[in-house]
Amino acid sequence: MEVLSARIAVRLTSGPHRPPREAWTLSLVEIGVPVEGIKEDLATLTTLDGELDFPASNSLSVQTSETNWGASGSFGEFILELSSDALGGAGGMGIGAGIGLLISKVKGRTQSAFPSQPLDRAQAAELVRTHIALHYTEVGEDLIEIASSLALDTGVHEFTFKSPSGREYGGTAGEISGAPTCTRVWYRAEP
């Protein structure tokens, strides 16, 4: 099966069913990519593209849907949870590079180029809020923005939010590793 749009998430976590230390999410539309191809591309992240001798502890969840209701479409959601403990010091730097590699591999499988519309501040804030809600138990609209910045050279927006429970979250959105709708979210402190 080919998916016409997809959400691909990579979570660094200390164990199954634990909140991720950080999570990367890539949203893609009009891509026409085979499900098996995306799964293969995600498998390369479990060894940091061959840097590790054996795969890091991981879990991959794939959910697809197909609609034929006047128009047809298909959607795939891919969630890869990787052990942050098994990756050790290579985790942060390796996954950042690995996400770039994943994006380039997915781009190579697409039928068309990724859209290159830059995100404005409001779109970026909403995307980060949505992805915090996707990866954590906090509800996005309950988050209070406490800081934001924009990297003028890259157009990447960065936000810091505080939840009613006192936990602090952060996130970036914009053209990360060559994908305009890639986000990275994390939490910084327990209440």
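Is R21 buried, partly exposed or exposed? R21 counts as partly exposed, because its relative accessibility is 38%. Buried means under 20% relative accessible area, exposed over 50%, and partly exposed in between (1.4 Å probe, protein chains only).

## Basis

This is a predicted model: local features need pLDDT of at least 70, side-chain atom pairs count only at pLDDT 80 or more, and totals for chains, interfaces and linings use all residues. Residues are numbered from 1 along each chain as its sequence is written, and side-chain values use heavy atoms, with hydrogens and water left out.

## Salt bridges

The whole structure holds 8 salt bridges (a side-chain nitrogen of Lys or Arg within 4 Å of a carboxyl oxygen of Asp or Glu). R21 pairs with E22 at 3.9 Å, N to O. E22 is buried at 8% relative accessibility.

E145 and R121 meet at 2.3 Å, N to O. E145 lies in strand β7 and R121 in helix α4, so the bridge ties together parts 24 residues apart in sequence. Shared partners also join R21, E22 and R184 into one network.

## Aromatic pairs

There are 3 aromatic pairs. Ring centres of Phe, Tyr and Trp (its six-membered ring) must lie within 6.5 Å; planes under 30 degrees apart are stacked, over 60 edge-to-face, the rest tilted. Y136 and Y169 have ring centres 5.2 Å apart and planes at 55°, so this pair is tilted. Both Y136 and Y169 are buried. The rings of F159 and F161 lie 6.0 Å apart, centre to centre, with planes at 20°, so they are stacked. F159 and F161 are buried too.

Ring pairs link Y136, Y169 and Y187 into a cluster.

Key
Helices (H or I, at least four residues) and strands (E, at least two) are DSSP runs, numbered from the N terminus.
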